[in-house]
Structures are given as C-alpha cells and as structure tokens.
Amino acid sequence: MLDGMMRRLIDPPLDRLGQRLAARGITADGVTLAGLGLGLAAAGLIALGAPGLALWPMLAGRLADGLDGAVARASRKTDFGGYLDIVADFLVYGAVPLGFVLLDPAANGAAGAFLLTSFYVNGATFLGFAILAERRKMETRARGVKSLYFTGGLLEGTETIAFFAAICLFPSWFAPLAWGFGALCFVTALSRVLLARRVFPGG
C-alpha cells in the first residue's frame with residue numbers, strides 16, 4: 001500500500017548511489033546476492049537468539065534490494081537480474097519467519113507456519129498476475145521500474161519491512177504479530193484474485 005509513496009522518496013538517492021556503484025564496476029546481480037546474504041545472515045542470527053542484532057543486516061539487505069535495481073538502471077538491465085531479484089526476495093521473506101520458528105518452535109511454530117502459508121499464497125497471486133500481465137503487454141511504473149508487473153495491495157514491500165523490524169525489536173510478540181500479518185496477507189491475496197477476475201475475465 002505504501003510502496004508507491006516510498007519509491008518516490010527513495011528512488012532519487014538510490015539512483016545516485018547506483019550510478020556511483022555501476023561506475024566502479026559493481027554489478028546489479030552482485031548487489032542482489034549481497035542483499036540475499038545479509039537477509040540470510042539476519043535469519044541465522046534470529047535462530048541463534050539474537051533478533052535485535054538481526055535487525056541491522058535485515059535492513060541493510062532490504063536496502064540492497066532497492067539498490068540493485070538502481071545499479072541495473074545505471075548499467076544494464078537483464079531478464080536474469082530481475083529473476084534473481086525476485087527469487088532472493090522470496091527466500092529472505094521465508095527465511096526470517098523460519099528463524100523465529102527455529103528460535104522457539106513451541107511458541108512460534110503454528111504462527112510461523114500460518115505466516116509462511118500466507119506468504120506462499122500471496123506470492124502465487126502476485127506472480128500469477130505478473131505472468132498474465134506480461135502476456136497482455138500490460139505495464140505500470142507506479143512502484144518504480146520493475147522487471148515484473150507489480151500489482152498493488154494492502155501489504156507490499158514497505159509493510160513487510162516494517163513487520164520484520166517489529167518482530168526483530170519485539171521477538172516475544174512474534175506469534176500475535178505473525179497471526180495478524182498473515183491474515184492481512186490473505187486479504188491482499190484475495191484482493192489480487194478479485195482484481196485478476198476483473199482484468200482477465202474467464203469464460
């Protein structure tokens with residue numbers, strides 16, 4: 001819901017930094033992989049009992065997730081780069097909740113499973129819509145220049161980052177926050193299904 005507004009704020013400084021990094025020979029794929037490594041490191045720290053410390057590599061990894069596109073725009077965008085970016089995003093989004101489940105399976109297991117199921121369904125509606133949008137040559141730049149068609153929703157990247165920050169800062173609240181965020185993910189997924197039904201009518 002907030003990604004469009006946030007992109008207008010963060011894209012100009014990210015583009016300037018991306019131009020500097022591209023001029024030094026740093027590739028967009030390299031930035032994507034660095035962000036992935038930071039996200040997985042955050043998940044590992046959570047599982048080892050240091051969720052507060054995990055906040056910093058998690059935020060740095062999400063910064064890299066925005067920066068890789070800026071580097072690509074300043075150098076060369078590739079289909080594989082966009083593919084790698086979305087795969088890395090989904091892996092991090094799954095790894096962070098898994099870290100909390102591993103930290104305390106008894107307290108966090110059910111809520112973590114519910115949250116991961118909601119992510120799975122939400123991701124399916126997002127990617128499925130993007131495939132059909134590509135088939136129809138649909139385009140949007142409401143959330144910046146992307147390799148895939150990005151549909152809006154109640155929960156997007158900005159809200160997910162805020163949620164991850166909250167559970168890192170307040171790990172004892174993971175279960176209730178996960179139940180609530182997961183429920184909102186299902187609402188977001190349903191809204192995409194209804195949008196797809198309207199945009200891509202069936203027989």
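I looked up the handedness first, and the crossing of α4 and α5 is right-handed (a crossing is right-handed if the near helix is turned clockwise from the far one by less than a right angle, and left-handed if anticlockwise). I note that this is a predicted model, in which local features need pLDDT of at least 70 and side-chain atom pairs count only at pLDDT 80 or more, while totals for chains, interfaces and linings use all residues. Residues are numbered from 1 along each chain as its sequence is written, and side-chain values use heavy atoms, with hydrogens and water left out.

I then took the geometry: helix α4 (residues 79-103) packs with helix α5 (residues 105-135) at an angle of about 165°, and their axes are 7 Å apart. Helices here are DSSP runs of H or I with at least four residues, numbered from the N terminus, and the axes are lines fitted to C-alpha atoms over the stretch in contact, with angles from 0 to 180 degrees between N-to-C directions. The two helices are therefore roughly antiparallel to each other, a label for angles over 145 degrees.

For the contact (heavy atoms within 4.5 Å), I find that the α4 side includes I86, F90, Y93 and F100, and that these and others meet α5 residues, among them L115, L116, F119 and F126. By class, the contact of α4 with α5 has 14 nonpolar, five polar and no charged residues; Ala, Val, Leu, Ile, Met, Phe, Trp, Tyr, Cys and Pro count as nonpolar, Asp, Glu, Lys and Arg as charged, and the others, Gly among them, as polar.

F80 is partly exposed at 48% relative accessibility, whereas Y83 is exposed at 55% (buried means under 20% relative accessible area, exposed over 50%, partly exposed in between, with a 1.4 Å probe and protein chains only).

The pair of Y93 and F119 is also tilted, with ring centres 6.5 Å apart and planes at 55°. Y93 is in helix α4 and F119 in helix α5, so the pair ties together parts that are 26 residues apart in sequence.

Conventions
Angles under 35 degrees count as roughly parallel, over 145 as roughly antiparallel, 65 to 115 as roughly perpendicular and the rest as oblique. Rings of Phe, Tyr and Trp (its six-membered ring) pair if their centres lie within 6.5 Å; planes under 30 degrees apart count as stacked, over 60 as edge-to-face and the rest as tilted.
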